[in-house]
Amino acid sequence: MDLVLSVADYYFFTPYIYPATWPEDDIFRQTISLLIVTNIGAYILYFVCATLSYYFVYDHSLMKHPQFLKNQVSREIKYTIQALPWMSIPTVALFLLELRGYSKLYDDVGEFPSGWFQLVVSVVSFLFFTDMLIYWIHRGLHHRLVYKRIHKPHHIWKIPTPFASHAFHPVDGFMQGLPYHIYPFIFPLHKVVYLALYVLVNIWTISIHDGDFRVPQILMPFINGSAHHTDHHIFFDCNYGQYFTLWDRIGGSFKTPSSFEGKGPLSYVKKVMEEKGNSHADKDCKNEKLLNGEFMKTE
Ligand SMILES: [Zn+2]
Ligand SMILES: [Zn+2]
């Protein structure tokens with residue numbers, strides 16, 4: 001975050017906003033700046049990526065599913081807009097610790113090959129570490145003592161759209177984002193890689209709500225995609241994972257997505273539409289026959 005903040009200070013805060021006498025490393029100034037940057041960044045990331053996904057990836061016929069709520073998209077957006085600022089408060093506290101030098105973030109790659117090798121290893125370990133923690137936190141959020149108050153708002157959307165991706169109770173959103181913040185306090189991670197991963201995990205969160213249930217055949221057993229997560233929204237007690245199916249398999253909560261078996265929400269909508277189409281076609285056929293006098297002839 002110090003990279004983002006130094007850019008924001010250089011181009012915006014120092015010349016236009018704060019008095020020249022207020023030092024850039026003052027903790028109150030850093031807190032205010034982080035709150036502004038985090039909120040603006042979160043809204044931009046959410047609206048740009050979810051909107052692109054909604055118009056170019058999301059299958060809009062899913063909106064005809066009987067479990068799709070009235071005004072669902074605007075409700076998902078409204079819920080997210082209200083929740084993000086609250087989520088940003090504890091997040092900024094962690095960014096502040098990181099900014100004050102308590103994390104293991106570094107900005108020098110070092111000698112090739114070990115420096116670059118460490119970089120690749122850190123990306124893989126970041127993904128596996130956060131996937132594991134999110135799995136257990138998410139499972140914990142389904143415990144009956146906390147589910148109703150904290151996690152249920154995210155399960156209102158049975159047939160989610162990309163706009164449901166960040167529609168969480170603030171505590172829920174922060175808890176599920178916590179593993180991303182914990183990692184650089186335990187393991188060394190390059191600052192730019194961290195920033196890129198942070199953006200990528202947010203895009204991934206949108207992608208598992210995008211209603212595109214396809215996964216490349218070769219990755220099907222390993223990747224937790226939109227098909228898995230939509231089933232999680234519908235059936236509650238399966239597919240808690242984030243990127244991989246690994247922990248669902250270990251934890252006994254893996255379920256083959258209904259979409260992979262032709263029984264998913266999209267297949268359901270298509271079947272209903274076909275049946276409707278057939279009944280319309282039958283009616284049209286009858287009307288045509290009546291017009292042609294065929295029915296009268298048989299009568
Ligand atoms: Zn979800
Ligand atoms: Zn859940």
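**Briefing: annotated helical segments, a helix pair and domain layout**

Residues 117-137 are 100% helix and 0% strand, with 30 Å between the end C-alpha atoms. The structure is a predicted model. According to the unreviewed UniProt entry, the annotation "transmembrane region" applies to residues 32-58, 79-97 and 117-137.

**Annotated segments**
- The stretch 117-137 is one of the segments that the UniProt record labels "transmembrane region".
- Another annotated stretch, residues 32-58, is 93% helix and 0% strand, and its end C-alpha atoms lie 36 Å apart.

**Packing of helix 4 and helix 6**
- Helix 4 spans residues 114-141 and helix 6 spans residues 170-186; their axes are 9 Å apart and meet at an angle of about 155 degrees.
- Because angles over 145 degrees count as roughly antiparallel, helix 4 is roughly antiparallel to helix 6.
- Helix 4 contributes F126, F129, T130, L133, I134, I137, H138 and L141 to the contact, while helix 6 contributes D172, M175, Q176, L178, P179, Y180 and Y183.
- Classified by residue type, this contact between helix 4 and helix 6 comprises 11 nonpolar, three polar and one charged residues.

**Domain organisation**
- The protein is divided into domain 1, covering 2-259, and domain 2, covering 264-299.
- The centres of domain 1 and domain 2, taken over C-alpha atoms, are separated by 47 Å.
- Contact between the domains involves 12 residues of domain 1 and five residues of domain 2.
- On the side of domain 1 that touches domain 2, five residues are nonpolar, five are polar and two are charged.

Conventions. Residues are numbered from 1 along each chain as its sequence is written. Chains are lettered from A and ligands numbered from 1 in the order in which they are written. This is a predicted model: local features need pLDDT of at least 70, side-chain atom pairs count only at pLDDT 80 or more; totals for chains, interfaces and linings use all residues. UniProt positions are given in the numbering used here, feature names are shortened, and annotations may be inferred rather than shown by experiment. Helices (H or I, at least four residues) and strands (E, at least two) are DSSP runs, numbered from the N terminus. Axes are lines fitted to C-alpha atoms, for helices over the stretch in contact, and angles run from 0 to 180 degrees between N-to-C directions. Angles under 35 degrees count as roughly parallel, over 145 as roughly antiparallel, 65 to 115 as roughly perpendicular and the rest as oblique. Two residues are in contact if their C-beta atoms, placed from the backbone, lie within 7 Å. Ala, Val, Leu, Ile, Met, Phe, Trp, Tyr, Cys and Pro count as nonpolar, Asp, Glu, Lys and Arg as charged, and the others, Gly among them, as polar. Domain bounds come from an automatic or database domain assignment.
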